[in-house]
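This briefing is meant to be read beside the sequence and the coordinates. Please keep both in view while going through the points, which are grouped by topic.

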Amino acid sequence: MTKEEIFYTFQAVRRAESGELLARPIRQLSEQEYEDIRTAIYRLENHLTGFDAYIWRALKDLNATAEKARMQYAKEGSRFSPGPVVSELELRIINVCAAVKMYAEHVIVRLGVLYGKESMERRNVKAQISQLYDSSLAYRVCNHLRNALVHGSPVELMQATFNTRLTESGERVTTVEVHLSREGFRKHAENAKVREEVVALPEELELMSTATDAAMGTMALHEEIMDIVNPGALPATQLLARLFEEADAVLVEDEWPAFFEVSPSAPEGSRIKPLPLPESVSKFVRAFIEMQPVV
């Protein structure tokens, strides 16, 4: 029995007006190239849906809920019932704080598995996390707010306010804010230093901006340590970036690069199998390409 012949191709794809996908070849791939591409896509997909991605999701949910609350208050005015949307805002803030704190814990555990508990990689990253903690009040508050909520409640620790004002041009501007209660934090935060810092502030912290600052600081750190935490992510990105740039030299409008496994002797309808290329992976690779210096 002869072995079934299989080909691997790199193609330019576009969608016809009928909705059908049309493809034209860019070049043939070796089986090893195809497997390397498959592995690269898998690694990047895992990277983009890893624990760090929860921070972005939590932050996106917080911003969406804040906008919903603002628009609802602007529309309903005195008829506005804040209870449900305030509870949702509090939940979104808690989610960001939990994701930020758990990211650091996750990374330390992962580095212990990858390199060993006494490794230089793990020690260096722990030092970077400590530096972020020391340099950012927002990060410190988010870390300890999660713990304070174990002992207290959102009602004691968070206070939502809604305001509408007129600008000089007569435009109505509606804002929503959630402040950290200094008294509640003093009562329930276990870390004395952070507790004293918050109590000594001239005014109460706005928690949506505080959570955002902590999340952005964490993700900036993630960019610095990405190669260590996800050692396969950078080579995978570089491989796909080279292929995308190769495709860009021949793509025309509305086309995109794609990879296929072709089995000429397979039954009709299963001869051509596309290699799934998630949009999130494509966008990440495109962003990587745009960030590279122009030579």
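What follows describes a predicted model, taking up helix packing, the cysteines, and a few individual residues in turn.

In this predicted model, helix α3 (residues 83–115) has a packing partner in helix α2 (residues 51–76), and α3 also comes within 9 Å, axis to axis, of α5. The count of disulfides is zero, although the sulfurs of Cys 97 and Cys 142 are 3.3 Å apart.

**Helix packing**

- Two packed helices are described by the angle between their axes and the distance between the axes.
- For α2 and α3, the axes come within 9 Å and cross at roughly 165°; an angle over 145 degrees counts as roughly antiparallel, and the two helices are therefore roughly antiparallel to each other.
- The crossing of α2 past α3 is left-handed, and the residues of this contact divide into 16 nonpolar, four polar and five charged.
- The axes of α3 and α5 likewise come within 9 Å, but cross at roughly 110°, which makes α3 roughly perpendicular to α5.
- On the α3 side, this contact is made by residues including Ile 93, Ile 94, Cys 97, Ala 98 and Val 100, while the α5 side contributes, among them, Tyr 139, Cys 142, Asn 143 and Leu 145.
- By class, the contact of α3 with α5 has 11 nonpolar, two polar and three charged residues.

**The cysteines**

- A disulfide is a covalent bond between the sulfur atoms of two cysteines.
- By the rule applied here, which asks for sulfur atoms within 2.5 Å, the count of disulfides comes to zero.

**His 144 in helix α5**

- His 144 is found in helix α5, which spans residues 137–151, and is buried, with a relative accessible area of 14%.
- Leaving aside neighbours within four places in sequence, His 144 is in contact with Tyr 133, Phe 185, Asn 191 and Val 194.

- Ala 160 has its place in strand β3 (residues 158–166) and is partly exposed, with a relative accessible area of 31%.
- Not counting residues up to four places away in sequence, Ala 160 touches Val 86, Glu 177 and Val 178; from Val 96, Ala 160 is 64 residues apart in sequence and 17 Å apart in space, C-alpha to C-alpha.
- Leu 239 lies in helix α10 and touches Asp 36, Ile 37 and Ala 40, again not counting residues up to four places away in sequence.
- The C-alpha atoms of Leu 239 and Leu 91 are separated by 40 Å, and these residues are 148 residues apart along the chain.

**Backbone at Asp 254**

- Most residues other than glycine have a negative phi.
- Asp 254 has a positive phi, near 75°, although this residue is not glycine.
- Asp 254 is placed in the loop between α10 (233–248) and β5 (256–262), and counts as exposed, at 60% relative accessibility.

Technical notes. Residues numbered from 1 in each chain as written. Predicted model: local features only at pLDDT ≥ 70, side-chain atom pairs only at ≥ 80, totals over all residues. Heavy atoms only, no water. Helix = DSSP H or I, 4+ residues; strand = E, 2+ residues; numbered from the N terminus. Buried < 20%, exposed > 50% of the residue type's maximum accessible area, 1.4 Å probe, protein only. Contact = heavy atoms within 4.5 Å. Axes fitted to C-alpha atoms, helices over the stretch in contact; angles between N-to-C directions. Parallel < 35°, antiparallel > 145°, perpendicular 65-115°, else oblique. Left-handed = near helix turned anticlockwise from the far one by under 90°. Nonpolar A, V, L, I, M, F, W, Y, C, P; charged D, E, K, R; others polar.
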